[in-house]
Amino acid sequence: MNTGLKITTFAAALAATFGTAYGVGQGIGPVVADDPPQHRDGHTRPGPRPAQPGGHAGHGTPPAGGLQVSEGGYTLDLATPRVTAGQRTELRFTVRDTQGRPVTAYRREHDKELHLVVASRDLLTYRHLHPARAADGTWSIPVDLPHAGGYRVFADFTPARRGAKNLTLGADLAASGPYRPKELPAPSTRAETNGYDIELAGALHPGKASELKLKVSRDGKPVTDLQPYLGAYGHLVALRSGDLAYLHVHPNGEPGDGTTRPGPGISFTATAPSTGSYRLFLDFKHEGKVHTAAFTVRAGAAAAAPATPEDHADDGHGH
């Protein structure tokens, strides 16, 4: 994914921008959702800043992505379209070119050739994974999805071919088992996870750039020693409720370049593609561990009043 802003294309021609994000103040602590599975050091990476090739303009409005299984001559071929809830299963897939050949050469971006996100349709389960690629181009990683129902798999990558652009392709995944539909958690300005308290300030507006600030504390004190993770102090993924349109943004600037410094809060500039509900997943690292916090945000409505943390995403990271 690209620094400052990484948002790929999706079928509905809706523009969505999660613009530049930057560290504010001294440093923030991790944001996490309730009862996340053991993190394994997996995470998304920031994309190029506006001045870098392949990057997007800081506050431009490139198309967003994740709703298409094929785009730009590449197709996501999911070999494991069904798993059993609660059972560890090897998830396998291949990215194919226009001739149907497996893609075996990728551009490494922040230490990874491909980033994989798995999210449930109700947006309560979230996984950010880094699968392994075999020589024949087949990607695989074990997954254990806790609940039955529909999921969406997002493959975020850039082919090594000259001039190739970063893509996010999506495919449906089903987890069998007793299914109990759940409602999207109500909008809230607070989340709690692994002993960290996270506060969200700001509102998301359709077609209009706005600032979202997240402050992290622990034991009533601000966390000021957030650690860099894959080149950034924070990573944000947003999924739109209903169609799971995929949006991704990182702090504008990398920890070592002097433009971004940790502080008691992280700020993201974002533009929603439409009115509706969105689930925000914020990943960050503190004291050697990666944490994820989840918020529900309503675009096109008044900001949610402060609420006591109640529900958290079942999130996970992995190699």
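Tryptophan 139 is buried, with a relative accessible area of 2% (buried means under 20% relative accessible area, exposed over 50%, partly exposed in between, with a 1.4 Å probe and protein chains only). Before we go on, please keep in mind that this is a predicted model, in which local features need pLDDT of at least 70, side-chain atom pairs count only at pLDDT 80 or more, and totals for chains, interfaces and linings use all residues. Residues are numbered from 1 along each chain as its sequence is written, and side-chain values use heavy atoms, with hydrogens and water left out.

Let us start with the aromatic rings. The whole structure holds 6 aromatic pairs (rings of Phe, Tyr and Trp, the last by its six-membered ring, pair if their centres lie within 6.5 Å; planes under 30 degrees apart count as stacked, over 60 as edge-to-face and the rest as tilted). One of them joins tyrosine 74 to phenylalanine 157, edge-to-face, at 6.4 Å centre to centre and 80° between the planes. This pair links distant parts of the chain, as tyrosine 74 is in strand β3 and phenylalanine 157 in strand β10 (residues 149-157), 83 residues apart. (Helices, H or I with at least four residues, and strands, E with at least two, are DSSP runs numbered from the N terminus.) Tyrosine 74 is buried at 8% relative accessibility, and phenylalanine 157 is buried at 0%.

Tryptophan 139 has its own edge-to-face partner, tyrosine 106, at 5.3 Å centre to centre and 80° between the planes. Tyrosine 106 lies in the loop between β5 and β6 and tryptophan 139 in strand β9 (residues 138-143), so the pair ties together parts 33 residues apart in sequence. Together, Tyr74, Phe93, Tyr106, Trp139 and Phe157 form one aromatic cluster.

Now for the sheet. Its 5 strands run in the order β2-β3-β5-β9-β8, forming an open sheet with antiparallel pairing (two strands pair if DSSP finds at least two bridges between them). β2 (70-71) and β8 (132-133) stand at the edges with a single partner strand each, so one side of each has no neighbour in the sheet. Further in, 4 bridges join β3 (residues 74-78) to β5 (residues 89-96), and leucine 76 stands opposite valine 95 in β5.

Two loops deserve a look as well. Most residues other than glycine have a negative phi. Leucine 123, however, has a positive phi of about 65°; this residue sits in the loop between β6 (114-120) and β7 (125-129) and is buried at 1% relative accessibility.

Leucine 244 also has a positive phi, near 60°, in the loop between β16 (235-240) and β17 (246-249).
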